[in-house]
Amino acid sequence: MRSAKPRKPISYHLRKSLPFWLILPTLIVIIIVQVYPALYTIWLSMQARHATGWEYVGTQNFERLFGTGLFPESVGHTVIFLTGYALVTLTLGFVIAILLKQKVPFTGVYITLLFIPWIIADIIAGLIFRLMVTPDYGLFSGILQNPALFPPNGLSILTAARPAPWFGSFPFPPSPAMIYLILAASWRALPFITLLILAALQTVSHEVMESARIDGANLVQLTRYITIPLILPTMVVALFNLMLGGINGVGMVFSLTGGGPGTTTYVISYLLYVIGWGQLRFGRAAALALLIAAVNWLLILSVLRITRINDRVR
Amino acid sequence: MTKNFYLNRRIWKRRLVGLALLVITVISIFPIATTILVSFKQQADITRKPPVIFPCDTPTQKFDIKACRWSVEGYQRVLAPKPDEGSLFGFKFTGNLLRIYIPNTLMYAFSTAFFVTLLASFSGFAFSRYHFRGHNALMAAIYAVTGVPLLTNILALYQMSITLRKNVGFFDDRMFLVFVYLGFFLPISVWIAKGFFDTIPRELEESALLAGCSTLGALFRITMPLALPGLISVFLLTFVNVWNEFIVAYLLVTKNEYKPAMFGLYDFLSQNIINLQVLAAACIIIAAPIVILFLFARKIFFKAMVEGAVKG
């Protein structure tokens with residue numbers, strides 16, 4: 001006995017599978033541009049180039065990478081960069097967001113003007129900051145290179161060497177160029193972080209603040225016990241955003257310092273470029289890329305966890 | 001009396017906040033202001049030691065507003081205008097920036113933003129309206145992809161471009177670049193678009209379906225028009241991201257006539273390391289369109305930014 005089930009019309013199948021067809025193009029693009037290259041990088045990290053082609057070398061690329069002195073140095077630079085970048089940006093972002101929340105006259109104008117740095121490309125931002133301190137001719141070089149203000153010989157940000165490290169080989173007192181790079185990067189990221197924090201501050205309910213104030217809490221207590229706990233999740237999301245941007249952003253290093261002076265502003269993303277396209281060691285660069293990707297994935301997973309906890313709470 | 005005192009304190013507090021904001025705004029605009037200043041100087045004033053802030057000093061006076069030597073030399077050297085009979089204003093610009101790089105950037109940014117918006121609206125709609133098997137996992141996977149560093153993939157994409165250039169006849173740097181940008185900016189756009197679709201009430205579509213509209217008809221006649229403001233912000237955000245992007249184009253584009261503006265600017269940097277006014281002028285020319293766009297459409301940008309960051 002054949003099944004007597006009536007055949008469903010084509011339009012039914014089409015409707016059922018519509019989401020699939022809508023998502024398919026996106027998936028194809030993402031697989032070609034994101035997934036396949038990621039897998040290829042894993043393969044590449046175990047290869048070395050020879051005259052005839054690629055050859056399997058196992059973990060040699062990683063060993064060689066760890067063997068160079070430049071790798072730990074760049075990691076040190078990255079740690080310093082990220083710490084300074086996050087500290088400066090989150091602190092200033094918080095302060096500016098609180099100021100903006102007071103709704104004084106012209107707040108709209110201030111917000112618009114404050115956000116211009118965010119819209120400017122990292123390569124242009126780097127160049128703008130470079131113009132200000134170009135040796136001899138930059139606008140601030142006259143002040144910075146004045147020996148009376150910066151003994152003994154004045155300070156030339158783009159060429160001054162790094163002071164002797166305090167802790168072994170960790171490049172701790174960073175070179176002036178690194179501090180300047182942190183400033184420039186923070187300048188560009190600050191608007192975004194400010195906006196995030198401001199958006200979170202707007203959700204802090206007025207009633208809660210008012211009742212705490214009636215109970216006698218002062219401004220510091222209000223900030224410490226109400227505002228900060230309520231916007232903490234946003235601060236954490238902002239922090240991870242900063243970390244991801246900081247680890248992967250390389251344009252500013254290109255146009256501001258070019259990694260120099262010497263190697264004092266080599267961050268790992270710039271090191272990747274140097275190993276890959278400077279030394280043409282793509283296998284070793286792929287090994288480094290995998291390490292960077294691993295850190296990225298850890299950050300992303302943390303964000304996913306935190307935001308999910310957020311959703312559950314709401 | 002006490003009431004007055006508190007009122008006074010309140011007014012003073014607000015004035016202080018306003019002052020603080022003013023100072024912060026001035027400081028944050030300062031680097032841009034100095035760049036504009038530098039771009040209008042002459043070569044002779046740029047290379048003076050020690051540098052002068054305003055090129056307005058005379059042998060006798062430190063600052064004389066009438067003696068200012070402003071010039072557009074930097075812009076002239078970037079744009080390189082040459083007399084030309086047939087043009088509208090009697091001359092045409094022959095500098096590479098305006099002739100090659102900015103048109104390229106416009107083309108890359110427009111086509112990427114268009115395709116990103118199209119695909120993101122399709123999949124954003126699907127993710128927002130249907131709950132199929134693996135819905136959440138797929139959404140999470142697409143989010144996770146946004147965290148894959150561009151630099152990791154660029155190694156493989158670079159090798160891919162080399163292979164394709166060798167083996168595929170119709171391969172074109174520009175096509176490949178737009179496709180790569182599409183892949184980079186699509187994941188976050190899908191999330192943003194889904195967020196916008198979530199805010200549109202389902203009942204509108206359902207009533208259209210009941211009235212005899214097809215599913216795709218409901219999508220294009222009801223939902224898309226309502227989601228348009230959100231989709232425009234996805235478009236603008238992608239446009240700006242592509243306009244500002246440097247490293248991918250730097251590594252993937254091989255021909256001079258395909259270079260986008262940021263790549264051209266980087267070339268300028270190596271050629272004009274000492275001609276600060278030329279560099280500054282090039283920066284201003286490239287950044288101005290985006291800044292103007294932002295000033296006119298800032299609400300749209302903020303919407304997409306917050307949506308992308310908080311949801312993600």
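**Exercise 1. How much area is buried between chain A and chain B, and what percentage of it do carbon and sulfur atoms give?**

Solution. 
- Start with the source: this is a predicted model.
- Take the area next. About 8,100 Å² is buried between chain A and chain B.
- Now find the main contributor on one side. Helix α1 (residues 10–44) of chain A supplies 18 residues, the largest share of the side of chain A that touches chain B.
- Sort that side by residue class. It divides into 63 nonpolar, 15 polar and 5 charged residues.
- Finish with the residue counts. Chain A puts 83 residues into the contact, and chain B puts in 95.

**Exercise 2. Count the salt bridges and the polar contacts between chain A and chain B.**

Solution. 
- Salt bridges between chain A and chain B: the count is 0.
- Polar contacts: 9 residue pairs qualify across the interface, both partners at pLDDT 80 or more.
- Over all chains, the salt-bridge count comes to 8.
- Glu73(B) and Arg77(B) form a salt bridge through their side chains, at 3.3 Å from N to O.
- Glu73(B) and Arg77(B) lie 4 residues apart in helix α3 (residues 73–79) of chain B, so about one helical turn separates them.

**Exercise 3. Describe the surroundings of Tyr250(B).**

Solution. 
- Locate the residue. Tyr250(B) sits in helix α10 (residues 247–252) of chain B.
- List its contacts, leaving out residues up to four places away in sequence. Tyr250(B) touches Phe254(A), Tyr273(A), Phe263(B) and Tyr266(B).
- Check for a polar contact. The side chains of Tyr250(B) and Tyr273(A) are joined by one of 3.3 Å.
- Tyr250(B) and Met262(B) are 12 residues apart along the chain, with their C-alpha atoms separated by 8.4 Å.

**Exercise 4. Where does helix α12 of chain B kink?**

Solution. 
- Set the limits. Helix α12 of chain B covers residues 276–296, 21 residues in total.
- Compare its span. The helix reaches 30 Å from first C-alpha to last, close to the 30 Å expected at 1.5 Å a residue.
- Find the bend. A kink of about 40° lies at Ala287(B).
- Look just ahead in sequence. The kink comes shortly before the proline Pro289(B).

Definitions and conventions. Residues numbered from 1 in each chain as written. Chains lettered and ligands numbered in written order. Predicted model: local features only at pLDDT ≥ 70, side-chain atom pairs only at ≥ 80, totals over all residues. Heavy atoms only, no water. Contact = heavy atoms within 4.5 Å. Buried area = accessible area lost by both parts, 1.4 Å probe. Salt bridge = Lys/Arg side-chain N within 4 Å of Asp/Glu carboxyl O. Polar contact = N/O pair within 3.5 Å; in protein donor to acceptor, adjacent residues only side chain to side chain. Helix = DSSP H or I, 4+ residues; strand = E, 2+ residues; numbered from the N terminus. Nonpolar A, V, L, I, M, F, W, Y, C, P; charged D, E, K, R; others polar. Expected span 1.5 Å × (residues − 1). Bend = angle between axes of the 7 residues up to and from the residue.
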